[in-house]
Amino acid sequence: MNTEKNKEVIGYVGQITPKQIIGWAKPANSNDPIEVSLFVGTELIAKKMATSHRKDLKNSGIHPTGECGYKFDINETYDEKYLLENVKVYAGINELERTPALLKKSIAPDAEYYFFMHIPKTAGTSFRYMLYDQIEQAAIFPSVLDIKINGGRYPQLKQFKQRPMREQLTTQLIAGHYAYSANTLLPNSRCLVFLRNANSRAISNIFHLQKHAHEFQGKPFEQIFEEAPRHLDNLQVRYLSNTTANAQITKADLDKAKANLEKCYFIGITEQFAESIEALEKITPWNFDKNLKRNINNTKDLSKLPLEILRKLKACNHFDAELYEYGVKLFNKMAQDPKTYVSNLLDQKKQANKPNNKKKQANKANNNTQKQQITKANNKQQQSKPAPKQASQQQKQAIQKKAKPNKNINQALPALESLERSYSFIRFAINYLNGNPQKLEEPIPIEGSELSIRGWAVDSINKQLAAGVYLSIDGQTHIETRYGIPKPKIAERFKLKQYLKCGFALSIPVEKIGKGVHSIGIKVVSADKKNYYYPSKRILVDVK
């Protein structure tokens, strides 16, 4: 047995169920067996050597014999959701990562993901900034900082793909000049797109290139037209059909673009921007500022554009013109009843994802008898077992230490462990720490004897006040804040008077937190007190 505690290891946790934990592990530079330890919360449940045979690991060349698997049988009755949140497996001192499929199930099984396909010169920049008001920067790729670091341009998607899988799965929105295929980067992603009149878009684009693009700045329009075909030749079809930059657009590309457009969750029309946003609000939990200006260049002087270039732009964008007309028809259909439109769309996706394999159906039928026998046996066993529990009281105390709550303006809140977590996105902000505006430089030093926090939060899913807000420290200690402080600017911003008393505040002695670096977040209880929301935004503080 290799006993080096600092030896680098490889492996995964592949399956977590109420009955067993399965995975594999081995040293990175040898095939020696290694010890793995299972923790549920802070409690060590079991240890064993990872020596179980895994045929898949042998066939893939990861291990010469495949004997590096492990399986922990769970004797206590745990809730699966509790295990997904609290199970950790270590190989030596190294915590094993979860497989991508298990990560999706663990992090946000019900989260809604979005992809905004920003086709240039369709008012996409303005719409992107509107999305920034709906989703926090930490959950967006690329963020404002990502774009700034990349010289003001969208970074390539490979930067997203190179991020750790856990970080990828906490991303709720991808937005940029990316083709339709980027919609597959997030699970069950909902594609948002704006289309614009083909001729207007191309004219706006050529003016933009001459004024802002480094390689075309100040050049004559004739030269730009010849050297920038990707931007000026059916760009909307290119984006929606995933056609390479230099390829000649064909009728087949147009058909593919139309088919992909039909799959988009939201189709906006630049010339009907306000109507488009109104429709989007009906199929998302978002509320937008209608006064935000569109980023459309309306100051261009068409007299400076040669008539021959105008004629060429119109001629070479005939596929885009046809796609735009088709998009307008789909938009009009969606605008009549947005909720029914997307409901039908999602139903179609579910049907498309259902297996049609006859062999699978036959196997399912053949297994019915066996399943019935197993069910009968399980029923007999369950009659003699106690009712399932989420966890023992000692385990709950180890995972969630409760502090005495402040007096709340609203009625008493239910305990968090009695609520289901919702992965929907809500509106909130943490505005002040110890009286100072929240800074970007983290960790934020806390040098006094007290930590005070102020902010606001609403149940924007139901467009109501939340039932209350808990402060979450390191995801384990939860303290009820004082919720219900008047925030007239928030009610005015969203034009919802019910948001008036959405502020929260809390002051606690730093000894309740402890010295060192800690992660601060909030958990927001839904208006009906059935769920809680746990936004991914965290603030690091350093208690001195």
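Pro142 is found in the loop that runs between strand S11 (140–141) and helix H5 (144–149). In this predicted model, the peptide bond leading from Phe141 to Pro142 is cis, and its omega is near -10°.

## Two lysines with positive phi

Lys463 has a phi near 55°, a positive value in a residue other than glycine. Its place is the loop between strand S20 (450–459) and strand S21 (464–465). With a relative accessibility of 32%, Lys463 counts as partly exposed, because that class lies between the limits of under 20% for buried and over 50% for exposed.

Lys495 also has a positive phi, near 55°, and is likewise a residue other than glycine. This lysine belongs to the loop between helix H20 (488–494) and strand S25 (503–509). Its relative accessibility is 61%, so Lys495 counts as exposed.

Strands of a sheet pair through backbone hydrogen bonds, in either a parallel or an antiparallel manner.

Strand S3 (residues 35–40) pairs with S4 in the antiparallel sense over 6 bridges. Within this arrangement, Val36 stands opposite Lys48 in S4. Lys48 has a further contact to note: its charged end sits over the ring of Phe72, 5.4 Å from the ring centre.

## The two faces of helix H14

Helix H14 (residues 307–316) has Ile309, Leu313 and Cys316 as its buried residues. These residues lie on the same side of H14, because they cover an arc of only 80° around the axis. The face turned away from this buried side carries the exposed residues Leu307 and Lys314.

## Aromatic pairs and a cluster

A pair of aromatic rings is described by the distance of the centres and the angle of the planes. The structure holds 18 aromatic pairs. One of them joins Tyr154 and Tyr178; this pair is tilted, at 6.0 Å centre to centre and with 50° between the planes. Distant parts of the chain are linked by this pair, the two residues being 24 residues apart: Tyr154 is in the loop between H5 and helix H6 (157–161), and Tyr178 is in the loop between strand S12 (173–176) and strand S13 (190–195). Both Tyr154 and Tyr178 are buried.

Phe194 and Phe273 form a stacked aromatic pair, with 5.2 Å centre to centre and 25° between the planes. This pair also links distant parts of the chain, as Phe194 in strand S13 and Phe273 in helix H13 (residues 273–281) are 79 residues apart. Phe194 is buried, as is Phe273. Both residues belong to one aromatic cluster, which is formed by Tyr114, Phe116, Phe127, Phe194, Tyr265, Phe266, Phe273, Trp286 and Phe288.

## A lysine over a tyrosine ring

A lysine is also placed over the ring of Tyr326: Lys258 lies over the face of this residue, at 5.2 Å from the ring centre.

Methods: Residues numbered from 1 in each chain as written. Predicted model: local features only at pLDDT ≥ 70, side-chain atom pairs only at ≥ 80, totals over all residues. Heavy atoms only, no water. Helix = DSSP H or I, 4+ residues; strand = E, 2+ residues; numbered from the N terminus. Buried < 20%, exposed > 50% of the residue type's maximum accessible area, 1.4 Å probe, protein only. Pairing = 2+ DSSP bridges. Arc of directions from axis to C-beta. Phe/Tyr/Trp six-rings, centres within 6.5 Å; stacked < 30°, edge-to-face > 60°. Lys NZ or Arg CZ within 6 Å of the ring centre and 35° of its normal.
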